[in-house]
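Subject: Model for your files

Hello,

The structure is pasted below, followed by notes on what was found in it. Please keep the two together.

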Amino acid sequence: MLQTKHQFQTFEEYLSYDDGTDKLYELFNGELIEMPPESGTNVQAATFLLFQFVLLLGYKRVRGHGLELEVRGEPRNRYPDLTIIREEHIQQLANRNTIRLSMLPPLLVIEVVSPGELQRDRDFIAKRSQYQDCGIPEYWIIDPQTKTVLVLELINQIYTEIGNFSGDDLIVSPQFSQLNFKVSQIFN
């Protein structure tokens, strides 16, 4: 039996689609591209950060890899490794864990870089551009290869580097100054 790929004309059409699985897909040029599983290293780093933010903000405003962001460009959606949402998002996301372009952006998006040059370019260039375009106030890039955390803040619609932290550096966050942990703790 020949199977054809479903072609989505709009993001709304994609949002109404259900294939009966819990797979995550990026919508690229109208087609679904299944997201591969994360590496253990990436999951460990994201989980450490999830716990730090839950202790600070409570569990309702901290979302893991399953949160979907609608973005401009291709792909039309992203699944950050960790997202800090606004209080009003809690109700807005009750039925579907998707932040639309028509909604206020999340406060912080964190990506943990996967191995490989293509993935590095995706996190450092493509996602950075898309998140900047969405108006996300703060973006962290966690790099297990170099064991660094790049913190970017949106200033005048452009991401500006706050710091590229490593080792025993405390991470400085413009919005979450109460955080108190070293970069090395993420990678232990």
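Which residues point one way from β8, and which the other way? Leu108, Ile110 and Val112 point one way, Val109 and Glu111 point the other way, and all are buried. Buried means under 20% relative accessible area, exposed over 50%, and partly exposed in between, with a 1.4 Å probe and protein chains only. In a regular strand the side chains alternate between the two faces of the sheet.

This is a predicted model, in which local features need pLDDT of at least 70 and side-chain atom pairs count only at pLDDT 80 or more, while totals for chains, interfaces and linings use all residues. Residues are numbered from 1 along each chain as its sequence is written, and side-chain values use heavy atoms, with hydrogens and water left out. Helices (H or I, at least four residues) and strands (E, at least two) are DSSP runs, numbered from the N terminus.

The six-stranded sheet

Strand β8 covers residues 108-112, and five of its five residues are buried. The strand belongs to an open sheet of six strands in the order β3-β6-β8-β9-β10-β11, with mixed pairing; two strands pair if DSSP finds at least two bridges between them. At the edges are β3 (62-63) and β11, each pairing on one side only.

On one side, β6 (residues 82-84) pairs with β8 in the antiparallel sense over three bridges, and Thr83 has Val109 as its bridge partner. β8 also pairs with β9 (residues 138-143), here in the parallel sense over five bridges, with Ile110 opposite Trp140. β9 and β10 are antiparallel over six bridges; Tyr139 is partnered there by Leu152.

The three-stranded sheet

A second open sheet, also mixed, has the order β5-β4-β7. β5 (77-78) and β7 (98-99) each have a single partner strand, so one side of each is left without a neighbour in the sheet. β4 (residues 68-70) and β5 pair in the antiparallel sense over two bridges, and Glu70 stands opposite Asn77.

Asn156 sits in the loop between β10 (148-155) and β11 (158-166). Asn156 counts as exposed because its relative accessibility is 66%. Asn156 and Leu170 are 14 residues apart in sequence and 26 Å apart in space, C-alpha to C-alpha.

Regards
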